[in-house]
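Please walk me through this structure, one region at a time.

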Amino acid sequence: MPRYHVAVIGGGVAGLVSAVLLAARGLQVTVLEKGPAPGGKMRQIAIGDARIDSGPTVFTMLPVLEQIFAEAGASLSDHLTLERAEILARHAWVEGGRLDLFADIDRSADAIAAFAGPAEADGYRRFCRDAARTFRTLDRPFMRAASPGMVTMATTAGPFGMLNLLRARPFATLWNALGDHFRDPRLRQLFGRYSTYCGSSPFQATAILMLVAHVEQEGVWLVRGGMHRVATALEGLARSHGAEFRYGTEVRQVLLRDGRACGVELADGERLEADAVICNGDVGAVAGGLLGGGVAPAVAPVPREQRSLSAVTWSMLAETSGFPLLRHTVFFSDDYAGEFDDIFVRRRLPRVPTVYICAQDRGAGPDAAAPPPGTRERLLCLVNAPPDGDANPFDAAEIERCTERTFGLLERCGLTVTRTGSDTVVTTPADFGRMFPATGGALYGRASHGWKASFQRPPGRTRIPRFYLAGGSAHPGPGVPMAALSGRMAAESLLRDLRP
Ligand SMILES: Cc1cc2nc3c(=O)[nH]c(=O)nc-3n(C[C@H](O)[C@H](O)[C@H](O)COP(=O)(O)OP(=O)(O)OC[C@H]3O[C@@H](n4cnc5c(N)ncnc54)[C@H](O)[C@@H]3O)c2cc1C
């Protein structure tokens, strides 16, 4: 068999996984990444000597990555040190109340009973059962299927599977479906937030997204050294199988010969021959012609109004006081519908944001130690934002008002964050849009609004021979494990197509 050469455009999680699996099968792989390091959204920001994870922080579905390491002849535990979070997240509300959600369902149910009464705890147990059933129903027929459609899904899931799927109320919104389980609006808010993991509004997302709750319940992991380590571990594994990495290298065109991908042209004009090309950039960049007109017809464009959430993030070294942060803490506003109306309808920064903080020097157990008073800690603070960084790059005054509202909400929940301008790096939708071209800052591809949306993400194999897609904007969707699955599907399709 000839030694095929594959060019991978982008070193995000999916690109890295494709590179690992193809290099491990003996192919010659070149990863071309315009940024300075692997990881894409899984990036770190340096403030002084501190390294702050400024992308994904909640690491789930560990077996997906374990299997990828195993297929490349390695063991994930030799490359990463992981600790399972005992508390999934702490939640606080402006109008009062605090609730910890535990990895253990019984402990969570007890906490919910104390927080909102025994009926809500019963509702929570029912919700967990529904979320688990939904996950199990969709795991093989959808998430792990290379190109799922209604027909293939019905065939793979079988009549019982389809019945289970209908029980998850795919045509209802997540918000409405949560009303079947919870009367307390704070609990609907808490579990509705899981739709934002796919960049979607709970008021428009399909109820199927309740499966994200099950994914967390199955395990949230803390990575020693930070999430960025996952990217460097994958890079190291790919290199150990001979893959080459070129950073600061932007691809501006995928080259075609006789209608099939045959290489790439770099921004400096250099041309690289390849037998196949995998694109790990956003599918919108392909459709928008940023990789040349030849491959543009491979994907349908994502209209602006169907883009997923963007974010404003503050990566910082700061002192905190007044509230016992855990590794993951969420602060809820008192107007959840208003937040998503601002973002998706009025297309403006939310007047009353929900604020997520990842306190990276803290653990995720009830006894998690706080940094000594007077010490600064590493924080990532995030609020949702409209994905309009290209059409409406918010000006400095708007970002400042958003900052005031965000830290004002934290104050109202009892948390004071004392920071200085020089020790804070703010990232806006326009900044994300520059890092991830053609997205406007949308971080999760197409929003999962409506039951059909998930089927509209393009599969890894495109209609252009030897040109493949891998990443959070392709099937099966966003999030580190999903993007990893996508990278694996692209590699598997490519290997099948190259087989003589
Ligand atoms: C702030 C934030 C928080 C998040 N939180 C979580 C979380 O807690 N848990 C979770 O699981 N997920 C989370 N996510 C989502 C998760 O990070 C992504 O879904 C996943 O990392 C996407 O990986 P990807 O493979 O699509 O590649 P990306 O990360 O999108 O990387 C694509 C890469 O391609 C490169 N590229 C693009 N075009 C070109 C070109 N023409 N030439 C060369 N290189 C190019 C880019 O520079 C980039 O490095 C979060 C994302 C963000 C931004």
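Cys262 is found in strand 11, residues 260-266. Helices (H or I, at least four residues) and strands (E, at least two) are DSSP runs, numbered from the N terminus. The model is predicted: local features need pLDDT of at least 70, side-chain atom pairs count only at pLDDT 80 or more, and totals for chains, interfaces and linings use all residues. Residues are numbered from 1 along each chain as its sequence is written, and side-chain values use heavy atoms, with hydrogens and water left out.

Stay with Cys262. Its relative accessibility is 10%, so Cys262 counts as buried. Buried means under 20% relative accessible area, exposed over 50%, and partly exposed in between (1.4 Å probe, protein chains only). Not counting residues up to four places away in sequence, Cys262 touches Leu255, Leu256, Arg257, Leu272, Glu273 and Ala274. Contact here means heavy atoms within 4.5 Å. Arg412 is 150 residues from Cys262 in sequence, and their C-alpha atoms are 57 Å apart in space.

Now the helices. Helix 1 (residues 13-24) packs with helix 10 (residues 228-240) at an angle of about 25°, and their axes are 8 Å apart. That angle makes helix 1 roughly parallel to helix 10. Angles under 35 degrees count as roughly parallel, over 145 as roughly antiparallel, 65 to 115 as roughly perpendicular and the rest as oblique. Axes are lines fitted to C-alpha atoms, for helices over the stretch in contact, and angles run from 0 to 180 degrees between N-to-C directions. On the helix 1 side, the contact is made by Leu16, Val17, Ala19, Val20 and Ala23. Helix 10 supplies Ala231, Leu234, Glu235, Leu237 and Ala238.

Next, helix 4 (residues 105-116) and helix 5 (residues 118-143) have axes that come within 7 Å and cross at roughly 145°. Residues in this contact include Ile105, Ala109 and Ile112 of helix 4, and Pro118, Tyr124 and Cys128 of helix 5.

Finally, the rings. The whole structure holds 19 aromatic pairs. Rings of Phe, Tyr and Trp (its six-membered ring) pair if their centres lie within 6.5 Å; planes under 30 degrees apart count as stacked, over 60 as edge-to-face and the rest as tilted. Ring pairs link Trp93, Phe115, Trp175, Phe203, Phe332, Tyr336 and Phe340 into a cluster. Arg186 lies over the face of Trp93, 5.9 Å from the ring centre. Such a charge sits over a ring if NZ of Lys or CZ of Arg is within 6 Å of the ring centre and within 35 degrees of the ring normal. Arg98 lies over the face of Phe323, at 4.5 Å from the ring centre.
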